[in-house]
Amino acid sequence: MEHIIHPIPPLYDAQSRILILGSFPSVKSREAQFFYGHPQNRFWKVLAAVLDCPVPQTIPEKQAMLHANHIALWDVIASCDIEGSSDSSIKNAVPNDLTPILTTADIRQIYCNGATSHRLYQKYLAPLTGRDAVKLPSTSPANAAWQLERLTQEWTCINFPNVR
């Protein structure tokens with residue numbers, strides 16, 4: 001068990017309309033210094049499929065895709081005790097402050113990538129924001145029960161400003 005402070009700043013701008021929250025960055029994401037850095041995580045593939053655009057490969061391409069589609073990205077937890085990348089091991093969680101995002105951008109909907117993110121959002125942040133969040137199935141490779149096609153279908157519920 002290791003105490004870790006979230007090393008990645010939130011990604012958002014004044015045009016962000018959708019906020020997608022993970023739980024806490026994996027070891028690979030912390031090493032890459034950007035969200036969903038594990039090569040087996042399906043986040044970028046799912047998002048690209050839903051947005052009908054190429055899968056971004058580099059961090060600048062990922063940032064550009066998010067900004068172009070008015071998506072803000074961050075995690076629920078600012079610091080915690082965690083074993084490796086295991087969400088189930090999270091203890092002593094301290095939530096992130098969403099105020100900078102919510103006061104800068106007209107966020108119309110909040111989505112949580114996975115059950116842990118949603119549970120932690122409901123526990124720590126919903127009482128502060130007064131806003132509901134939609135729970136989406138996790139794109140993590142640990143969520144092996146969900147194949148890419150099924151994940152993509154579930155994620156189409158997001159009402160992206162530039163899509164449809």
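A polar contact is a pair of N or O atoms within 3.5 Å; within protein, one must be able to donate a hydrogen and the other to accept it, and residues adjacent in sequence count only if both atoms are side-chain atoms. The model is predicted: local features need pLDDT of at least 70, side-chain atom pairs count only at pLDDT 80 or more, and totals for chains, interfaces and linings use all residues. Residues are numbered from 1 along each chain as its sequence is written, and side-chain values use heavy atoms, without hydrogens and water.

**View 1. Asparagine 96 and its polar contact.** A polar atom of the asparagine 96 side chain lies 2.8 Å from the backbone oxygen of aspartate 75. Asparagine 96 sits in the loop between strand E5 (91–95) and helix H4 (99–104). Helices (H or I, at least four residues) and strands (E, at least two) are DSSP runs, numbered from the N terminus.

View 2. Leaving aside neighbours within four places in sequence, its contacts (heavy atoms within 4.5 Å) include His6, Trp74 and Leu125.

**View 3. The open sheet.** Four strands line up as E3-E2-E6-E7, with parallel pairing. Two strands pair if DSSP finds at least two bridges between them. E3 (71–75) and E7 (134–136) are the edge strands; each has a single partner, so one side of each lacks a neighbour in the sheet.

**View 4. Strands E2 and E6.** E2 (residues 18–22) and E6 (residues 109–113) run parallel, joined by 4 bridges. Isoleucine 18 stands opposite glutamine 109 in E6.
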